[in-house]
Amino acid sequence: MSKNGQAPKEKPKFAMYWAAACGGCEIAVLNIGEKILDVDANFDVVFWPVAMDAKYKDVEAMPDKSILLTLFNGGIRNEENEHMAKLLRQKSQILVAFGSCANEGCIPGLANLSSMQEVFNAAYESVSTENPQHIRPQFSYQVPEGMLTIPLFYPVLRTLDQVVDVDYFMPGCPPESHQIAAVIDLVIAVLHGEAELPPKGAVIGVGDSTVCEECQRARNIKKITKLVRIHEVAEVDPDLCLLEQGILCNGPATRSGCGARCPSVGAACIGCYGPAVGVVDYGARLMTAVASVIDSTEPDEIEAILDGIPDPAGTFYRFNLAHSLLHAARPAMEEVIG
Amino acid sequence: MNDQAEPKERIGVYVCHCGSNIAATVDVADVAVWAKERLGDEGVVITHDYKFMCSSLGQELIERDIKEEGLTRVVVAACSPHLHEKTFRTACARAGLNPYLCELVSIREQVSWVHSDRQAATEKAKAVVAGGVERVIHNEPLEPLHIPIHPATLVVGGGIAGIQAALELADSGHQVYLVEREPSIGGHMAQFDKTFPTMDCAACILTPKMVDAGGHPHIDLFTWSEVVRVDGFVGNFTVTIRQKPRYIDTDLCTGCGICWEKCPKRVIDDVYEAGLGYRKAVYTPFAQAVPKYPVIDPENCTYFINGKCRACEKFCPTDAIKFDQEEEFITVQVGNIILATGFDLFDARRVPQYGYGRLANVFTSLEFERLCNAAGPTNGQIVMRDGVTKPELVAVIHCVGSRDRNYNNYCSVICCMSSLKFAHLVKERTGARVYNFYIDMRTAFKDYDEFYQRVLEEGTIFVRGRVAEVTDAARLPSEDGKLIVQVEDTLAGRQRRIPVDMVILSAGLEPRHDAKAVAHQFGISCSANGWFIERHPKLDPVATMTEGIFIAGTVQGPKDIPASVSQGAAAAARVLGRINKGEIELEPVRATIDARHCSGCRICNGLCPFNAIIFHEDAMVSEINHALCQGCGTCVAACPAGAISGSSFSNEQIMSQIEGLLLFDRPVRSRHFSAV
Ligand SMILES: Cc1cc2nc3c(=O)[nH]c(=O)nc-3n(C[C@H](O)[C@H](O)[C@H](O)COP(=O)(O)OP(=O)(O)OC[C@H]3O[C@@H](n4cnc5c(N)ncnc54)[C@H](O)[C@@H]3O)c2cc1C
Ligand code: SF4
Ligand code: SF4
Ligand code: SF4
Ligand code: SF4
């Protein structure tokens, strides 16, 4: 790794960028406490819009591969996101898809179930929106001074690796602070020649198994006879697996790493840490698993049990729709294919 | 498809013509040429099309290429893997290539036989070949599993099929546990008087076998018993048998019969006497029962009902009556299991227009068997329901409940012959005029048609047509007090009403009412009707898809005694072959759990149809017992952590095969994204 930092005096360069995302990932990085000082001590932060002033043209002017490490959070929703993804790929040695949006599309990716029109309707015409003039974004607009443009909005959201080559994947919505700190420690150790980088394409800041492994709840052979929402359960047993209590928990299918935070406080895992090792389609995996343990052979009864899942797409694909085999539903896909 | 420069495997692709089976619909030469050109980047170095790949010349072609061209993978595009996978894998093994590095893809069953458009079929064949090539790259060399075989065998069901199987095995010196639900072995055959076509006395030919089985040093007989639990796997099953209390000490009982003579409680015998006769609350079903010991039926015994009586106990000369006996559970170890649980008779009440249960003189076939049995309730007198009147006109109706979409679509095989048997017996014993109503006369097999001719010559009247109704509503004075059979005589082309005194319904054979539960208990499958499914309908009729479980007799489908006996013997021969070999080789297609990735969620724990998955409470991980696993894939699909993979069906293999199939000509996936 020392070959990356040719001139020993010069600190390696660090960048972080925020595409289609909520901003939580940025907060999570800041949330690592004094560790952030290690970042500053070891890196020259060249581009991080949320923390410092910087212009895209400054990045464009940098030599290719001059940034050692870029954390990229957010999905690719529009032309600007795509431009920055490609630009940062070109300028960085190590590009990390950081957080669920960049990895799997996350909540913004759920818009792939709807057409662009439906997305705009929801954003500009919903009951909670005051828009008496029915203003809609125009991607270009002629004004006396010339043509104004805003970045083109794409019909589907793509994940970072669907747009550019990605070196590492760090899931989580957002990634847990202790995992971020551990990854930063690792990179610094690599800089000092004390550790080696994981193989390209690795998922980092995670465990080897799924959330159940980190969950302390007792479990038995699974047999689901009902599925309910947590508020419908009179008294949640604090020590028994939630799934066995009929509360659909995504823990079995979700990559470990978070420390089973949700189930440990009595809330079902919702799957933000993404699929397990080698799993291509998270939602399909979880669905087959749940379907396998429905304790009935009567079609009507099975139907009734499954009716306990209020929002199947939002339950099984909440974080990963854009990266699933499905990728997008038909209305959105048709706008892509034309 | 694959961007790396050097393919890592050297693959040979062989496209079979299967005579004209494939070549008539698929341009096989084009597929071979295409595969060489288009799949070269994937590692395909040699392709051939050949008339019959399965011939020795075809196999030698593969063997030669492996040796001379250094092939590391082989794809044969031919028929279904069910047929020739083994052939080609063995050929590869002969040439020194691990057999599991050979894939057989079907371009016959899945392509040429189901398409007619030659060009489209050829394109599809290419896709199938591309899928096979992509998959075979990820195949791994595997070694077969060797499982030792416990030399004892469990036979469930002591009808003629089960008895035959048990005797064959025991006579060759191996231990057999024979489990029978009823108090005696014998099954349905024990209820008959005569057996077609030779009209031997059923008891005369059956009882020697029963006695043999009962006294055989290598047979442990468990009657009045049922299997309650089956654990383990081929070679080493642990079977738990529940022996119901007989309330008789069999060490003391001599079978003298005083107890049932003295027992005051008469019970209608629905099983052995088909409801026509009585037994006592303490009984053996029939005189030649094996074992000879009676059972007390607690549901009907006066003592069990109201605490008084104990007549049998009082009179028993050896003090063998034991009212405090309890059920016993016996555990045995066996290597193989033969299921011979037989059939149930179709319930003739389900055809209300034939009047069974409503019109007194309508009998079922089994009732008639008891009626003409010398040891039956009428001592062999063929009489009407009043017990005295001899019938003068008798109708025998074939196919009751069989060959009928409303009931069972299949032919019950034996009822034409048993109907002829009835006609013959009625004629012989009563001199009555007999009408047989049939749809088609099915008298295939040795000496059967000759028997039909004999019955024809005896003067039985055959009317071809399905009976519409049996009624006692007379329209003419000549019909008064008779049963009238309403039928369209299809040969005469007219409706007929034939008055008779007695009607015999040749009810069909049905799977046992509990067949599905029994199949489930032993991990095998039933057809939609409920007959147990054989491994191959023609080539492997007594094996099942579950290793170590065999089937024999009417459990597998309707058949006569000779066929049941043959299957009993055949199943025994299959088991003996294994016992003699001492071990079997199993396909190494097994699932494995990667403990690193298993979260111990326990989703998979209850899913394995073969109970192959164990959970380690201490380490909180699950594990698969490879001897039990049959590679069905259920758990592989269910594991949400993707921690289970099936050898030979890894995710990589399946995904690559799908990609091969889909992307063989056009990069579909990238199109979605590049259009934006
Ligand atoms: C009316 C009639 C007349 C026939 N006449 C002739 C004839 O003349 N000639 C001819 O060749 N064929 C005849 N057949 C056909 C013949 O009955 C069968 O081919 C033969 O009986 C089949 O034997 P099996 O051993 O398969 O079944 P079965 O005789 O049914 O024996 C099965 C045995 O398994 C036992 N069993 C069932 N379930 C369990 C369980 N779960 N656990 C333990 N034990 C169990 C049963 O109690 C029974 O003893 C006739 C059939 C009928 C209905
Ligand atoms: S509560 Fe959720 S995470 Fe915990 S064991 Fe059950 S399914 Fe797994
Ligand atoms: S005790 Fe029961 S079995 Fe014995 S004689 Fe009385 S009724 Fe019959
Ligand atoms: S389903 Fe998978 S993760 Fe869960 S216990 Fe079984 S092997 Fe382990
Ligand atoms: S693949 Fe899984 S479910 Fe199927 S037999 Fe093997 S262990 Fe059991």
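Predicted model: local features only at pLDDT ≥ 70, side-chain atom pairs only at ≥ 80, totals over all residues.
Residues are numbered from 1 along each chain as its sequence is written, chains are lettered from A and ligands numbered from 1 in the order in which they are written, and side-chain values use heavy atoms, with hydrogens and water left out.

Let's start where the chains meet. Chain A puts 30 residues into the contact and chain B puts in 25, with contact meaning heavy atoms within 4.5 Å. About 2,400 Å² is buried between chain A and chain B, and carbon and sulfur atoms give 63% of that; buried area is the accessible area (1.4 Å probe) that two parts lose on being put together, summed over both. On the chain A side, A:Arg219, A:Ile221 and A:Arg285 lose the most area to chain B, together 24% of what that side buries.

What about polar links? There are 12 residue pairs in polar contact between chain A and chain B, both residues at pLDDT 80 or more. A polar contact here is a pair of N or O atoms within 3.5 Å; within protein, one must be able to donate a hydrogen and the other to accept it, and residues adjacent in sequence count only if both atoms are side-chain atoms. Strand E8 (153-158), helix H9 (211-214), helix H11 (282-292) and helix H14 (330-337) of chain A each give two or more residues to the side that touches chain B. Helices (H or I, at least four residues) and strands (E, at least two) are DSSP runs, numbered from the N terminus. H11(A) has the largest share of that side, 4 residues.

Now over to chain B, where 4 strands make an open parallel sheet in the order E2-E1-E3-E4; two strands pair if DSSP finds at least two bridges between them. Strand E2 (44-50) and strand E4 (102-106) of chain B each have a single partner strand, so one side of each is left without a neighbour in the sheet. Strand E1 (residues 11-16) of chain B pairs with E2(B) over 6 bridges, in the parallel sense, and B:Gly12 has B:Ile46 in E2(B) as its bridge partner.

The other sheet of chain B is open too, with 5 strands in the order E20-E27-E21-E22-E23 and parallel pairing. Its edge strands are E20 (362-364) and E23 (461-464) of chain B. Strand E22 (residues 433-438) of chain B pairs with E23(B) over 4 bridges, and B:Tyr438 stands opposite B:Arg464 in E23(B).
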